[in-house]
Amino acid sequence: MPATIVETNHTPFAKIAIDPVTLDIIENALRNARIEMDATLVRTAMSPGIREQGDAFPLIADHSGKMIVGQFGSFIDGFLRGYSGTLEDGDMIFLSDPYSCEGAVSHANDWLVLYPVFKDGRLLAYTAMFGHMSDIGGSVVGSMPIKARSIFEEGVRIPPVKIWKKGEYNDEVIRVIMHQVRKPDWCQADLNAIIASCRVAARRVIEMADRFGDDVYVSATQELLARNHRAMQALIGMAIAEEPVSFEDYICDDGVGQGPYRIKCTMWRENGRVVLDFAGTDPQSSASINFYLNENMFKMFFGIYMIMVFDPQILFNDGFYDLIDVRIPEGSLLKPKFPAALSGRTHALGRIFDILGGLLGQKTPEFLNAAGFSSSPHLFYSGNDTRPGKGGEWFQLFQIGFGGIPGRPMGDGPDGHSLWPGFTNVPNEFLERYFPMIIERYECEPDSGGAGLHRGGNGIRMTYRFLADGTISIHDDRWFVPPWGVNGGEPGKRARKIIEKPDGSQVIVGNKVEELAVSAGDQLHFITWGGGGWGDPLERDPALVGKEIVQGLITAEGAREYGVVANAGGTVDLAATAALRAELRAGRGALPLFNFGPGIDALRAGCLAETGLPAPVQPVWPLAVAAE
Amino acid sequence: MGYRLGVDVGGTFTDLLLFDTASGAFWRHKTPSTPHDSSEGILNGVTAICDKAGVEAKDIEFFLHGTTVATNAVLEGKGARVGLVTTEGYRHIMQIARSFVPGGLAGWIIWPKPTPLAALEDTVTIKGRMSAEGAEIRPIDDDDIRTALGCLKGQGVEAVTVSLINAYANGAHEQRVGALAAEILPGVPVSLSHEVLPEMQEYERTLTTVANAAVRPVVGKYVSNLRSRLAAAGMAGNLSLLRSDGGLMSAHKAEEQPVNILMSGPAGGVTGALWVARNAGLKNILTLDVGGTSTDVALIENLEPRRQRETEVGHLKVRASALDVKTVGAGGGSIAYVPELTKALRVGPQSAGAVPGPVAYGKGGTLPTVTDANVVLGYLPENLLGGTFQLDREGAKRAVQTIADALGIDLMAAARGIIDIVNENMFGALRMISVQQGYDPRDFALMGFGGAGPLHVNAVARLMGSWPAVSPVSPGVLCALGDATTRMRTETARSFSRLAGSATAEELIGILDEMAAQTRADLIADGVPEAEIATTFEIDVRYAGQAFEVPLTITADVLRADGIAGILARFDAEHHRLFTFNMDTPHEIVNLRAVAMGRALDLPAAELPKGDGNPVAAKMRDHVLWMDGREQAAVIYDRAKLRQGDVIPGPAIVCEMDSTTLIESGCVATVDAVGNILINLK
């Protein structure tokens, strides 16, 4: 049964013609309110995941639940369909269970607050925000158990509940929830921050309605949606062909030895609408790498990519949703059936963006970017601080790392930067001050960016020296299937993780490992992937290649991928370079649009030798039929 | 008593304001800037203003100067070639930065990554390591350091920066590198991160130190050139520069720490507003400084401008105190356009700048700007008083008509739409520094200055509910006025980073006293008499685990009397005001700062002759303008002829040499004793 919205004032909003100036003023004010939500959040949150890294997403929606400003698009209609209670003035909804909101949040670590904004007895708007909690209990520290076989192992799972009910705070339910988590102080602070953000935005919406009148405000939101609809319709007509294009990419493994998992998407235009069909995507995993992809969220990703690739001036909202038809097979990796585990969804979430890039750029190679958006690498480190004077205090760290940005039409991909919006790294001096560790190295990994006319960004080599015994967990991907290059560019180098003992001996560990014991004095080399290259590397200026050798961004050996012969000091041998380039040109065929590397079979065959890790085995799905 | 000369060098004009400290009388002058060598324009101005006032250059006791020389060196990448010495394993610290990519989801596709301020090829690493507690983990090695410095020498760097991991906790390694650098690269200036900014966060500390080193030679050259030219003109007074935080520092000190003058330009307007507010009997002010391409806004509460711990210059965020000035890309030259895809009306951030400028200026501009809309509506009369050029109203109409056609509305509605949108953009910036910081704008007056501020201040005050709207005396040279009337200031900061429960008031006072002694010594060295120095302390507090600190100003006496608990209670109140909730979490004391200031100058403004309330003597002519959807009769007045107590009903326009004040219908303006125009709702 859908939610019942209780309004004491039943007068419908009158539709009023909005002049363009008022419309732009309201659009601008909404944009400011959304910026204010972000600012409130980062200032008051406490977990490093939100306060230092910005892992949270705001939204302001109209009275029907369509997003007017925000990032990931609205999920509110789905929520309303699934929620059987009432929504009244003074209520605030709190939830974290992906299965109760059609994947609006895609793992239970994301806590979502939804605030219906009432004014004079009428529902005027919604504000909402969700953020990633550093720990929500469950079987492992950080609550993202790689080996979980169901969501019941992944910590506290909150169905939609009223944290505020007609203005009354529901203290009891919060006590029950906070009782389940390892870091109630962080969770409470982050939840407060999310609530404060939603309230700030609600206040701004009400002020706008006061200023312009409720009917004008609501009519303006409808016109903003319509404006976006018209713009996207034009873009779709220009950029999407009726002839289907397909693209597929992989999640390397599931952390329990199987992989890779294929994600496939086919796109075509039909009667003025775009169809995005994930038929051909592998069935759901028995481990936790499943990604419950909300269709509306994917529409928004698609819209944002269209806009960024073709016309970055447009402010996006939900107005174009009915122009897009997203089809995701039930029981697939992207629409797993309850109670499939979901906590490790970050890899598939990241890969979705590479797939979008590959799909949209295929017919317009001048707009095509290489691959690199390949999840966000996580490190967990926890234990008791046994150093003198620390009193054996419990600590737990959750850190998101960064890799190389892909080569782009506009130039090289930046080294060691974030593909996620608003994310920043944690200062190493902060880590050393508050956790028992020394960061011995924080530098680009030379040659890890794929060679190209525009080089892929390098990944980062971060070396942790642990100062207390404890356990670590690692979540990363792109260690087996490399980030592809485009327009003749080479793939980027893959991710690696190495433990170095005090005696200098090294052990290669996997990229999805759980609860690995480490000792004081051990070092972990956490090496992330590089972005794929863009364009023919043999066209890159040899002087620039020489300069980047001096800068430590590539090596003399790596320069040969560009057909450049240089010494370790960066001095280029121009004659030898010309000869090498001629030889390489003669020995290769036409440059491919996409360079995926040697292919899955060859990767499997060479896996142990190249990565130090056994190849994942082809997944089997005894209980699932292939999702077609 | 003598004369104080404030000088503000802008992109187009150099503004001067000569202040007679005895009588409060002042003279102002505008002269074209000379970008190839600013001192030339300054000297022209000094000669002219001294003639006007009938004084000689040697009578000028203080030469007080706001300059964008450091800002431009950073923005245009014309700083020195800086070599960076950092810790082994951190060579790419400037390249990776904070990994942040602006622009939201998929913003990376179109983000042009800036190159680091210290080039990677000029960045070297050395062995040796300090811990977060300041203990040596691994020693440094002189031979290794010599090799690294030799490499920088070979690269031909013009300045050296040393920024080692955890140097904020122990600077011994940096000091040794500094000593060896002096030996190996004699004559090359060396900056050590623990001296420039003894605070945690390696990237911010390094960037700040590098930025300081990069602009040092530029500022040094500028100051010595200016000093010698002024001396040649017979001026022997003190030369001081305006800091980003609104205080003054000696030119000598500015040469050493130019990172503190990166926002010297906009700070001048705020300090000028402060002087005006004092004389107008106002305590709470929002400032609206409208220039050609952008608008700066700031908040002054109880005659104290809000400061922040960061200075933003272009894409760089440097850790140096600055007035909390927000800038929005909305000014007189902002271009209006209607994008094909959305049919929305957009104004700015693209600007016609000084060249080609608005269409109405007749210098080749063809795109409709905010100024053109003001001309079309009749807010900017065609023949400006004292202006040397005629405005091209017909040209402005043709340009604005293109907007009207694209939107399908009439000319006047389009022109007013442009004004409404640009006002709204200014309103958005003002909200960021007021409502979003927990301040109610209705408790503030709004002061508009800069070339176009007085044109927009009335309309924006209406949006904000901030009354009165103030058009200060000399709105066009308020920055120079601010330079002339502010006081000396210096500060120092240290990381503390401990739970409040583990600290005592006496311990804090001990550290703060030590810091206070250092800042007092700095001011004394700058020639400020010891008896005139006032000291305050600031303590940054947060809930342990938060990223955002609240700075609380306090004196040693209050700290002694109320103890740590007193500070924490104030923090809780401030946190509640900002974010509407408090927490049970322990408090952390993050940073300590000591601020030393010279004497606050009591510089009264000169009074205008008293009038009878009727401004008719200042009336220039009748006029027609477009407002509230119709043509209306208005009157144009000459500001120079207004007397105190004059009452001007809107709609009206008040003209002066370099600025125009618009009083809207439904409002009424009064002229205060010293010539400020205060506009209120009728």
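Because the model is predicted, local features need pLDDT of at least 70 and side-chain atom pairs count only at pLDDT 80 or more, while totals for chains, interfaces and linings use all residues. Residues are numbered from 1 along each chain as its sequence is written, and chains are lettered from A in the order in which they are written.

Where the chains meet, 51 residues of chain B are in contact with 65 residues of chain A, two residues being in contact if their C-beta atoms, placed from the backbone, lie within 7 Å. On the chain B side, helix 3 (93-96), helix 7 (202-232) and helix 12 (411-433) are the elements that give two or more residues, where helices (H or I, at least four residues) and strands (E, at least two) are DSSP runs numbered from the N terminus. Helix 12 of chain B supplies the largest share of that side, 6 residues. By class, the side of chain B that touches chain A divides into 26 nonpolar, 17 polar and 8 charged residues, with Ala, Val, Leu, Ile, Met, Phe, Trp, Tyr, Cys and Pro counted as nonpolar, Asp, Glu, Lys and Arg as charged, and the others, Gly among them, as polar.

Within chain B, helix 10 (residues 370-377) is mostly covered, since 8 of its 8 residues are buried, a residue being buried if 20 or more other C-beta atoms, placed from the backbone, lie within 10 Å of its own, exposed if 12 or fewer, and partly exposed in between. The buried residues of helix 10 of chain B pack against several elements of that chain, including strand 21 (334-337), strand 22 (346-351), helix 11 (393-407) and helix 12. Just after helix 10 of chain B, Gly378(B) takes a positive phi of about 90°.

In chain A, the axes of helix 1 (residues 20-44) and helix 6 (residues 214-239) come within 10 Å and cross at roughly 85°, the axes being lines fitted to C-alpha atoms over the stretch in contact, with angles running from 0 to 180 degrees between N-to-C directions. Helix 1 of chain A is therefore roughly perpendicular to helix 6 of chain A, given that angles under 35 degrees count as roughly parallel, over 145 as roughly antiparallel, 65 to 115 as roughly perpendicular and the rest as oblique. Thr22(A), Leu23(A), Ile26(A) and Glu27(A) of helix 1 make this contact with Val216(A), Tyr217(A), Ala220(A), Glu223(A) and Leu224(A) of helix 6.
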